[in-house]
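Me: I have a new model open and would like to learn how to read it. Could you walk me through it?

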Amino acid sequence: MRPQNLNCVSLVLIVALLCQSVHSQLQVGFYTTSCTLAELIVKDEVRKGFFKNPGVAAGLVRLHFHDCFVRGCDASVLIDSTSSNKAEKDSPANNPSLRGFEVIDSAKARLEAVCRGVVSCADIVAFAARDSIEITKGLGYIVPAGRRDGRISQASDTFTNLPPPSFNVDQLSKLFANKSFTQEEMVTLSGAHTIGRSHCTAFSNRLYNFNRTSRQDQSLDPPYAAQLKQQYPQGNTSPNLVVPMNPASPAVTDTSYYADILTNRGLFTSDQTLLTNSATANQVNQNAKMPFLWRTKFASAMVKMGKLEVLTGNTGEIRANCRVINS
Ligand code: HEM
Ligand SMILES: *[C@@H]1O[C@H](CO)[C@@H](O)[C@H](O)[C@H]1NC(C)=O
Ligand SMILES: *[C@@H]1O[C@H](CO)[C@@H](O)[C@H](O)[C@H]1NC(C)=O
């Protein structure tokens, strides 16, 4: 073969590869022609859910996180357990704390009615997370779509892929690095804890059972600890007891999460630990002082999170019911 021909062949190959990679990626406006109202319908259901219970917005943001970190953003978190399979949603990391499923269900029901079999549950979750950030006054962003739904959901997958609230900064950085996030992006995404609530079981060790030398975590502001102890007396075994994570503005996506950390009022070890490393402590300071910077960084980190290990093209399926894989 002459060198010129070789060039032609490699050009064709490169173009073919490029086309393939474009097809296996998410696209902005994916439903513009196939289901024009898709994003509006999701937004409308998020709005309805939010007016019934503002906490639902936080639930939906966390739902997207827990979906994407376990088997990628494939709506595996929505699948119900069966007699032969314990699904992600029934892992202690998700049950009883994860919420917002009913908003996804009602959006899906409306979408199936207007464009049957077109809009994936994984995309609904991604849109709903964005709409939840917007409705809590955070910065909106454009969500590339075209995710398809997975057919596997196993509770055991949550153990290594979702961070527990007891993690320190090194453990968090490692886990997020494994999902291709920088340490700074980890700090940025943690700012999601500016909205929502926590079950007391997630931080009770910091109040009553910290370590050998101290029953209470000294890195937790003592007046705040006292207040939390009132809300959650020792020996109260109710698994349903909850407190807001950012009591000043639990339904506003602002930067007061970082202000909480600076006053030793981060609720989890995984929040307060961000002050124990000089790089992450600087980022906490910066985010607290520069809300616009954080809002922008958070929006792009959410877009990035929404691309984790997605199924596209002919892989996966479009589930008819977000709770069950198609038969
Ligand atoms: C950095 C590591 C993280 C840890 C250890 C962690 C842990 C937790 C825990 C234990 C809760 C309390 C759930 C409950 O008991 O009801 C919670 C709530 C929440 N998390 Fe995280 N999380 C982390 C990162 C993230 C990220 C990256 C996001 C989203 C981008 C997120 C969004 C939320 C939201 C919005 C809530 C409130 C949920 C509600 O009110 O229903 N978290 N998180
Ligand atoms: C994350 O960890 C898994 C399991 O150990 C490994 O297969 C994968 O390659 C890692 N990914 C990155 C980006 O480090
Ligand atoms: C126990 O916690 C205290 C207070 O937070 C801390 O100062 C101390 O270093 C910890 N001790 C051990 C053994 O981890």
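Me: Leaving aside its neighbours within four places in sequence, which residues is Ile 104 in contact with?

Reply: Contact means heavy atoms within 4.5 Å. By that rule, and with neighbours up to four places away left out, Ile 104 is in contact with Leu 60, Leu 63, Leu 78, Ile 124, Val 125, Ala 128 and Cys 322. Before we go on: this is a predicted model, where local features need pLDDT of at least 70 and side-chain atom pairs count only at pLDDT 80 or more, while totals for chains, interfaces and linings use all residues. Residues are numbered from 1 along each chain as its sequence is written, and side-chain values use heavy atoms, with hydrogens and water left out.

Me: Which residues have the most contacts inside the largest nonpolar core?

Reply: In soluble globular proteins, nonpolar side chains tend to be buried together. A nonpolar core is a set of buried Ala, Val, Leu, Ile, Met, Phe, Trp, Tyr and Cys residues joined through side-chain atoms within 4.5 Å; buried means under 20% relative accessible area, exposed over 50%, and partly exposed in between (1.4 Å probe, protein chains only). Here the largest core has 65 residues, and Phe 69, Leu 78, Ile 104, Leu 274 and Met 302 have the most contacts inside it. Domain 1 (38-161) and domain 2 (169-304) both contribute residues, so this core lies between them. Those bounds come from an automatic or database domain assignment.

Me: How much area is buried between domain 1 and domain 2?

Reply: Buried area is the accessible area (1.4 Å probe) that two parts lose on being put together, summed over both. For these domains the value is about 1700 Å², and carbon and sulfur atoms give 69% of that. On the domain 1 side, Phe 69, Thr 136 and Leu 139 supply 32% of the area buried against domain 2, more than any other three residues.

Me: How many salt bridges does the rule find across that interface?

Reply: A salt bridge needs a side-chain nitrogen of Lys or Arg within 4 Å of a carboxyl oxygen of Asp or Glu. Across the interface of domain 1 and domain 2 the rule finds zero.

Me: Is Lys 297 buried or exposed?

Reply: Lys 297 is buried, with a relative accessible area of 17%. Among the residues that Lys 297 touches, not counting those up to four places away in sequence, are Glu 184 and Thr 188.

Note on methods
Chains lettered and ligands numbered in written order.
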